[in-house]
Amino acid sequence: MLSFLSILGAAALMAAPAQAADAFKLESKTLTEGSVMAQAQVYKGFGCSGGNISPDLSWSGAPEGTKYFAVTAFDPDAPTGSGWWHWLVVNLPASVTSLDAGAGSAGGKLPPEALQTRTDFGQSGYGGACPPVGDPPHRYIFTVYALKDKVPVEAENSGAMVAFNLRTLKLAEASITVTYGR
């Protein structure tokens, strides 16, 4: 029969990873939680005239056992039935805890180990916000994932394939959500 103290001990052990995951934070000088996305991060094309510059991001408090990070940008409000993937970067080494503005844009600098996969624009690299004219403002969720292993995907893989793998390897995640409409 389990004693009350052994049950408490087991509950504390099960809660420890969740407490560590709560310490995982994502920050940006470019993005502010709940604010409107700056024109610099808006797509250039499809009738939008933004700078299409990926935002700066930095993260801290990754849980023990983190070997890699991944960064995504996703619009759950896109009128597709499945959202819209704007950016997918995987296999950032655990020693990398930030990305400069423009790192995911054309000519940007990512660590050599990192891989940008295909977005819903049909190419790899950052693709900014560009919701349909007249839609209510869309949400753009920028997420960093702390991962227990390398993500086994190729550059041409879809956002859905990448997201599936991220969820199987995830130790923790942290997000910033911004909006944009036109």
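The model is a predicted one, in which local features need pLDDT of at least 70 and side-chain atom pairs count only at pLDDT 80 or more, while totals for chains, interfaces and linings use all residues. Residues are numbered from 1 along each chain as its sequence is written, and side-chain values use heavy atoms, with hydrogens and water left out.

**Aromatic pairs**

A search of the whole structure finds eight aromatic pairs. Rings of Phe, Tyr and Trp (its six-membered ring) pair if their centres lie within 6.5 Å; planes under 30 degrees apart count as stacked, over 60 as edge-to-face and the rest as tilted. Two of the pairs are set out below.

| Pair | Centre to centre | Angle between planes | Class |
|---|---|---|---|
| F74 and W85 | 4.4 Å | 45 degrees | tilted |
| W87 and Y126 | 5.5 Å | 85 degrees | edge-to-face |

F74 lies in strand β5 (residues 68–75) and W85 in strand β6 (residues 84–93), so this pair ties together parts that are eleven residues apart in sequence. Strands (E, at least two residues) and helices (H or I, at least four) are DSSP runs, numbered from the N terminus. F74 and W85 are both buried. The other pair links distant parts of the chain: W87 belongs to strand β6, and Y126 to the loop between β8 (115–116) and β9 (138–147), 39 residues apart. Ring pairs also link Y43, F46, W84 and F121 into a cluster.

**The cavity**

The structure holds one cavity of 30 Å³ or more, and the volume of the largest cavity is about 30 Å³. A cavity is a set of points, on a 1 Å grid over the protein atoms alone, where a 1.4 Å probe fits but cannot get out; lining residues have an atom within 4 Å of a point. Grid points are joined across faces, edges and corners, and the volume is the space filled by probe spheres set on the points. Among the residues lining the largest cavity are F74 and Y126, together with M37, H86 and F142. Strands β5 and β9 are the elements that give two or more residues to this lining.

**P132**

P132 is found in the loop between β8 and β9. With 33% relative accessibility, P132 counts as partly exposed. Its contacts (heavy atoms within 4.5 Å), not counting residues up to four places away in sequence, are P79, H138 and R182. The C-alpha atoms of P132 and G47 are separated by 9.0 Å, although these residues are 85 residues apart along the chain.

Terms used. Buried < 20%, exposed > 50% of the residue type's maximum accessible area, 1.4 Å probe, protein only. 1 Å grid on protein atoms, 1.4 Å probe; cavity = no way out; pocket = protein on both sides within 12 Å on 5 of 7 lines; lining within 4 Å.
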